[in-house]
Amino acid sequence: MRIAIEHKTHYRFSEPQARIVQMLRLTPCDTQDQTVVSWLVGVDCDARLRDGTDGYGNSVTMLYAEGPIEALDITVTGEVLTSEASGVVRGAPEPLPPLYYMRMTPRTKSSDALFVFAADGVGTARDQLEQLHSLNAAFHARFPCVPDLPDAGCTAVKAFEGGKDVSSRDVAQMFIAASRGLMIPARYVSGYRAEDAAQSAPHAWAEAYVEGLGWVGFDPSTGLSPDESYVRVAIGLDASSAAATGGMRIGQGQEQLAVDLHVDQLGVEE
């Protein structure tokens, strides 16, 4: 599938900023089932951009801008070719061992209620892959219609127990917490999914490590594994470590952030 992406991030400040430093995890990597045809990261002010790779193997762009800055627009445009792999991740950079992704973070801690839900969701499934598919379906059944929303910093436990305003990011973190509770390494994935409507944030899902198969994607917002309509961009222990943008600013005043995102299917490659 050929997918076109236009992702605009708008920062507005109530007072001019003296300096802005941002880490942008906005560039997908080539894998066996994903090829970046074209990709451009641009800003609307004088800034230095430096490409690199973080500890997870993600492609990152460091942005350095000197003030005074009243507004900052970051625009990403590109096209990616994808192929169906039944959720199996093949040929992606893997600088860290699977065991690393057993680490809990403040946002992926579990609770008694979440653990009981996971155990019930797995049921009598014995095969590890079957357990993960059952768990994925269970979260989708509990949270059937979750949108892609800006990150509010919610934890897996808080989102699970609250049950309101849950996003794809939240259910992905719930799945990760539950998988690690079952002693299965799991990680967060940020990326894009081709849809008809405009989105206000990147899509989120999870990957779990299956012995003998490797990393496999699970999207609890759909109850299925990612298909060729997904573009995989960044991974991390949780939403914070795979965020599309993050950094610091030097200056007073308030910050307003808006995202305009369009992901369109251009066609299916023969």
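Analyst: One definition before we start: two strands pair if DSSP finds at least two bridges between them. With that in mind, Ser190 stands opposite Ala204 in E6. Keep in mind too that this is a predicted model.

User: How many bridges join E5 to E6, and which residue is the bridge partner of Val189?

Analyst: Strand E5 covers residues 186-193 and runs antiparallel to E6, with six bridges joining the two. Take Val189 as the example: its bridge partner in E6 is Trp205.

User: And on the E8 side, what is the bridge partner of Ser190?

Analyst: E5 and E8 are antiparallel as well, and six bridges join them. Across in E8, the bridge partner of Ser190 is Ala234.

User: Which strands stand at the edges of that sheet?

Analyst: The sheet is open and has four strands in the order E7-E6-E5-E8, paired antiparallel. The edge strands each have a single partner strand, so one side of each is left without a neighbour in the sheet; they are E7 and E8 (230-236).

User: How many residues of E5 are buried?

Analyst: Both faces of this strand are covered. On one side sit Ala186, Tyr188, Ser190 and Tyr192, and on the other Arg187, Val189, Gly191 and Arg193, all of them buried. That leaves E5 mostly covered, and the buried count is eight of its eight residues.

User: Is Ala206 buried or exposed?

Analyst: Ala206 is found in strand E6. Leaving aside neighbours within four places in sequence, Ala206 is in contact with Ala172, Phe175, Ile176, Arg187, Val189, Val216, Gly217 and Phe218. The cut-off for buried is under 20% relative accessible area. Ala206 has a value of 0%, so the call is buried.

User: Over to H2. How far apart are its end C-alpha atoms?

Analyst: H2 is a helix of 15 residues, 128-142. At 1.5 Å a residue it should span 21 Å, and the model agrees, because the end C-alpha atoms are 21 Å apart.

User: Within what arc do the buried residues of H2 fall?

Analyst: The buried residues in H2 are Gln131, Leu132, Leu135, Asn136, Ala138 and Phe139. Seen down the helix axis, they line one face, because they fall within an arc of 160°.

User: Which residue caps the N-terminal end of H2?

Analyst: Look for a side-chain oxygen 3.0 Å from the backbone nitrogen of Leu129. The residue that supplies this oxygen, and caps the helix, is Asp127.

User: What about H1: which exposed residues does the face turned away from its buried side carry?

Analyst: The buried residues of H1 are Leu114, Phe117, Ala118, Gly121 and Val122. These fall within an arc of 130° seen down the axis, so they line one face of the helix. That buried set packs against H2, H3 and H4. The face turned away carries the exposed residues Asp112 and Asp120.

User: What is the phi of Met183, and is the residue buried or exposed?

Analyst: Met183 has its place in the loop between H4 and E5. Its phi is positive, about 65°, although Met183 is not a glycine. With a relative accessible area of 62%, Met183 is exposed.

User: And what is the phi of Ser86?

Analyst: Ser86 lies in the loop between E4 and H1. At 52% relative accessibility, Ser86 counts as exposed. Its phi is a positive value in a residue other than glycine, near 55°.

Conventions:
Residues numbered from 1 in each chain as written. Predicted model: local features only at pLDDT ≥ 70, side-chain atom pairs only at ≥ 80, totals over all residues. Heavy atoms only, no water. Expected span 1.5 Å × (residues − 1). Buried < 20%, exposed > 50% of the residue type's maximum accessible area, 1.4 Å probe, protein only. Arc of directions from axis to C-beta. Polar contact = N/O pair within 3.5 Å; in protein donor to acceptor, adjacent residues only side chain to side chain. Contact = heavy atoms within 4.5 Å.
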